[in-house]
Amino acid sequence: MTAATIAPTRLRLGLAVLAVSAFGALSTPAAARGPDGIADVAEKVIDAVVNISTSQTVEAKGGGNAMPQLPPGSPFEEFFDDFFKNRKGPGGGSKGGDNGSGPPRKTNSLGSGFIIDTSGVVVTNNHVIADADEINVILNDGTKIKAELVGVDKKTDLAVLKFKPPRPLVAVKFGDSDKLRLGDWVVAIGNPFSLGGTVTAGIVSAKNRDISSGPYDSYIQTDASINRGNSGGPLFNLDGDVIGVNTLIISPSGGSIGIGFAVPSKTVAGVVDQLRQFGELRRGWLGVRIQSVTDEIAESLNIKPARGALVAGVDDKGPAKPAGIEPGDVIVKFDGKDVKDPKDLSRVVADTAVGKEADVVIIRKGEEQTKKVTLGRLQDPDKVQAAVKTDEPPPEKPVTQKALGLDLATLNKDLRSRYKIKDSVNGVVVTNVDASSDAAEKRLSAGDVIVEVAQEAVSSGADIQKRVDQLKKDGKKSVLLLVSNGEGELRFVALSVQ
């Protein structure tokens, strides 16, 4: 068949497909285009959604014709930007040549929030009001009232405000975000691009999303349109309950591409309660440094499947120490809740009341044990142990043993001084690493100290070689090392013995 005869055939097929598509579109039931309840939800809750206006005094960076301060993403931003740039001479100054600093000026920004108590309590994002000199709440009818800050939590990016109601208010309540299912319809209401109360709808695209923006990430992902200015606004279910606080988007352009994130109401409700009660967050503290359980580490510890949070270090003054939790333990359950990874443990510990006694299920040498811990209060940021390469050492001296791609030496006074190793650190020091070895890939470096091999203390290179040989005979594929840096900070590293 020639090209001349193919074209008409393709055209007829294309028209047929088009006809079928058009017929299908005409016959699609209304329910397939979205639920009918969205309008009812919007009408019910719209008066509880507010705009948040803030102002901040900043130093002027140039004189002459100052460009008006417009909310980010305003439809007029591009127009004024072009207009004022055209009036400036070389170097960005005005045509009059006045590039000196002017007097301090005020900048304004807008975000969203929602009323949770008719006494005038509002929830929003911390980044909406951060560093503001003045905060105002703008009701749906345009009424503007000055608000005061009750408290903020930077780790979840939440803030609580309070204002005096000029008239009776409409408030909304929190729903149960744990009951959300993938595909459930949700409604976002906020102040995108400073346009005022705007309603958009979409579905729950994902749950428990960790995007590495903080220690307690567990976002609801939605394709409901969320844009700049929506921050701090509510995400509703079809019952009109708040199931999330719209916080951020992923977008190369600054506009919605259907990937938005909301802090789940389960997290928000707990944070808001504490901010209203104490003006701050009082999170539980276990007093351990933790790291992920990789497949190699799990194999070394006889844990199947890989799960939990591996304890890399225990704070001498923390609650875990007197409870008997030790480095090398793997925490798989805390206070009745399964721990799949370090993030799970961080979240559940933080959400547990200070002073509560909780059961902690650990795996130690392949066996489960239960420890009772009375939680303390978190004062400093959580520290999840990460392997960090030390500074390059001075030229090395002859070593006593080679194993696992490492040059190893027994610790002495000279080596402690050379690698700045504290007297409290004991084990076998690494003096060189084979660049092509598994140890190099795992970021072991000269100056690291191997404290334990397969959960047994070592004091010489011969001890390490003996343990490795035994593991090979036992058919093990990897060996678990407890490694310390010069300051005594511990981490676990699994190396191949093949």
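## A walk through a predicted protein model

The accessible surface of this protein comes to about 25,800 Å², and carbon and sulfur atoms account for 51% of that area. Keep in mind as you look around that this is a predicted model. The protein has 11 helices and 27 strands, and buried residues make up 44% of its 498 residues. Now think about which parts of the chain meet each other. Of the contacts with a separation of 6 or more, 62% are between residues 24 or more positions apart.

Strand 26 covers residues 478-484, and it pairs with strand 27 in the antiparallel sense over seven bridges. Within this pairing, Leu481 stands opposite Val493 of strand 27. The two strands form a hairpin with five residues between them, and there Gly488 takes a positive phi near 95°. Strand 27, residues 490-496, is mostly covered, with six of its seven residues buried.

Next, find helix 5, which runs from residue 265 to residue 278. Its 14 residues reach 19 Å from the first C-alpha to the last, close to the 20 Å expected at 1.5 Å a residue. Which residues of helix 5 are buried? They are Ser265, Val268, Val271, Val272, Gln274 and Leu275.

Aromatic rings are our next stop. A search of the whole structure finds two aromatic pairs. One of them joins Phe114 and Phe174 edge-to-face, with 6.2 Å from centre to centre and 85° between the planes. Why does this pair tie together separate parts of the chain? Phe114 belongs to strand 2 (residues 105-117), while Phe174 sits in the loop between strand 6 (158-162) and strand 7 (185-190), so the pair links parts that are 60 residues apart in sequence. Phe114 is buried, with a relative accessible area of 0%, whereas Phe174 is partly exposed at 24%.

Asp407 lies in strand 22, residues 406-410. Is Asp407 buried or exposed? Asp407 counts as buried because its relative accessibility is 8%, which is under the 20% cut-off. Its side chain is joined to that of Lys402 by a polar contact of 2.7 Å.

For a contrast, turn to Lys144 in strand 5, residues 144-153. Lys144 is exposed, with a relative accessible area of 52%. Leaving out residues up to four places away in sequence, Lys144 touches Ser53, Asn136, Val137 and Ile138. Ser53 is 91 residues from Lys144 along the chain, yet their C-alpha atoms are separated by 9.0 Å.

Finally, here are some details of the backbone. The peptide bond from Lys304 to Pro305 is cis, with omega near -10°, and Pro305 is placed in the loop between helix 6 (295-300) and strand 15 (309-314). Asp131 is not a glycine, but it has a positive phi of about 65°. You will find Asp131 in the loop between helix 4 (126-129) and strand 4 (134-138), where it is exposed at 62% relative accessible area. Asn208, also a residue other than glycine, has a positive phi near 55°. Asn208 is found in strand 8, residues 198-209, and is exposed, with a relative accessible area of 57%.

Definitions and conventions:
Residues are numbered from 1 along each chain as its sequence is written. This is a predicted model: local features need pLDDT of at least 70, side-chain atom pairs count only at pLDDT 80 or more; totals for chains, interfaces and linings use all residues. Side-chain values use heavy atoms; hydrogens and water are left out. Helices (H or I, at least four residues) and strands (E, at least two) are DSSP runs, numbered from the N terminus. Buried means under 20% relative accessible area, exposed over 50%, partly exposed in between (1.4 Å probe, protein chains only). Contact means heavy atoms within 4.5 Å. Accessible areas come from the Shrake-Rupley method with a 1.4 Å probe; for residues, only the protein chains shown count as cover. Two strands pair if DSSP finds at least two bridges between them. The expected span of a helix is 1.5 Å times one less than its number of residues. A polar contact is a pair of N or O atoms within 3.5 Å; within protein, one must be able to donate a hydrogen and the other to accept it, and residues adjacent in sequence count only if both atoms are side-chain atoms. Rings of Phe, Tyr and Trp (its six-membered ring) pair if their centres lie within 6.5 Å; planes under 30 degrees apart count as stacked, over 60 as edge-to-face and the rest as tilted.
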